[in-house]
Amino acid sequence: MGEAETPSFEMTWSSTTSSGYCSQEDSDSELEQYFTARTSLARRPRRDQDEPVEWETPDLSQAEIEQKIKEYNGQINSNLFMSLNKDGSYTGFIKVQLKLVRPVSVPSSKKPPSLQDARRCPGRGTTVRRRTSFYLPKDAVKHLHVLSRTRAREVIEALLRKFLVVDDPRKFALFERAERQGQVYLRKLSDDEQPLRLRLLAGPSEKALSFILKENDSGEVNWDAFSMPELHNFLRILQREEEEHLRQILQKYSYCRQKIQEALHTCPLG
């Protein structure tokens, strides 16, 4: 996929490495934290979060697509036009805002990449033995030139390649954000959804639709949202499951010890 000729931002990096995110093992293990409690009790949504919503995207005929593209190009004030191809597909630009709270991992043998570095060397290393963590610029924006059939997962992978990020793409998700009647709605796109198609249907207005790259929801529990009795209940559940897990481990080793002792008694001396 290509990218817009007009640069959207100059990328800078923080030299401070965040504790807890310096290794693959650390970042992977956090996904398992409080797993039992999450699967046992429902999570309370926070009131200050964007509200999730789903809305239908109608199928368009070829004539309707052509008309939509003409209307879209007539409303924009830049050169980021959409173009209809001979095979019926179309190309255009989408703008993605990066709202990453956690640091991202890059090869430790490489210096922090600038935007120019990402353009000159878009590929990612196939083997990474050591990693260094950096914060991406807050609320950075990137334009991508994509096809109508380009999927959300491919957009995520392209963004990571641009900045030499070696984290697993599954740790990130593409969201669409919309403002309607004073309310803000946020929806995570599925891997196979086509962002350019959504852009065409919504028109060029950023309030009607914008794209955001965020960390994929790991299901972390907002413990402050629960009452004291609920928190005590969590502790009781965790304690019971810890005790059961410990009992199973002791039983396993006790069984192995017994079998070894039986084998020793049956073995002939010498």
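**Confidence and core**

Author: The mean pLDDT of the protein is 75, and 67% of its residues reach 70 or more; pLDDT is the predictor's confidence in each residue, from 0 to 100. Over residues 2-54 the pLDDT is below 50, and beyond near neighbours in sequence this stretch has 111 contacts in the model, where contact means heavy atoms within 4.5 Å. This is a predicted model, so local features need pLDDT of at least 70 and side-chain atom pairs count only at pLDDT 80 or more, while totals for chains, interfaces and linings use all residues. Residues are numbered from 1 along each chain as its sequence is written, and side-chain values use heavy atoms, with hydrogens and water left out.

Reader: Where else does pLDDT stay under 50?

Author: Over residues 124-128, for which the model has 8 contacts beyond four places in sequence.

Reader: OK, and how many helices and strands are there?

Author: The protein has 7 helices and 9 strands. Helices (H or I, at least four residues) and strands (E, at least two) are DSSP runs, numbered from the N terminus.

Reader: How much of the protein is buried?

Author: Buried residues make up 35% of the 270 residues. Buried means under 20% relative accessible area, exposed over 50%, and partly exposed in between, with a 1.4 Å probe and protein chains only.

Reader: Which residues touch the most other members of the largest nonpolar core?

Author: I94, V96, L174, F211 and L213, out of 30 residues in that core. Elements that each supply at least two residues include strand 3 (90-98), strand 7 (172-180) and strand 9 (210-215). Helix 5 gives the most, with 5 residues. A nonpolar core here is a set of buried Ala, Val, Leu, Ile, Met, Phe, Trp, Tyr and Cys residues joined through side-chain atoms within 4.5 Å.

Reader: What does I94 touch?

Author: Not counting residues up to four places away in sequence, I94 touches K142, H143, L144, V146, V155, P195, L196, R199 and F211.

Reader: Back to helix 5. Why is it largely enclosed?

Author: Because 8 of the 11 residues of helix 5 are buried, it is largely enclosed by the rest of the structure. Those buried residues are A152, R153, V155, I156, A158, L159, L160 and K162. After helix 5 comes L164, whose phi is positive, near 60 degrees.

Reader: And helix 6, how many of its residues are buried?

Author: 6 of its 8, so to speak of cover, helix 6 is mostly covered. The buried ones are P195, L196, R197, L198, R199 and L200. G203 follows helix 6, with a positive phi near 85 degrees.

Reader: Last one: what lies over the face of F175?

Author: K214 does, at 5.3 Å from the ring centre. A charge sits over a ring if NZ of Lys or CZ of Arg is within 6 Å of the ring centre and within 35 degrees of the ring normal.
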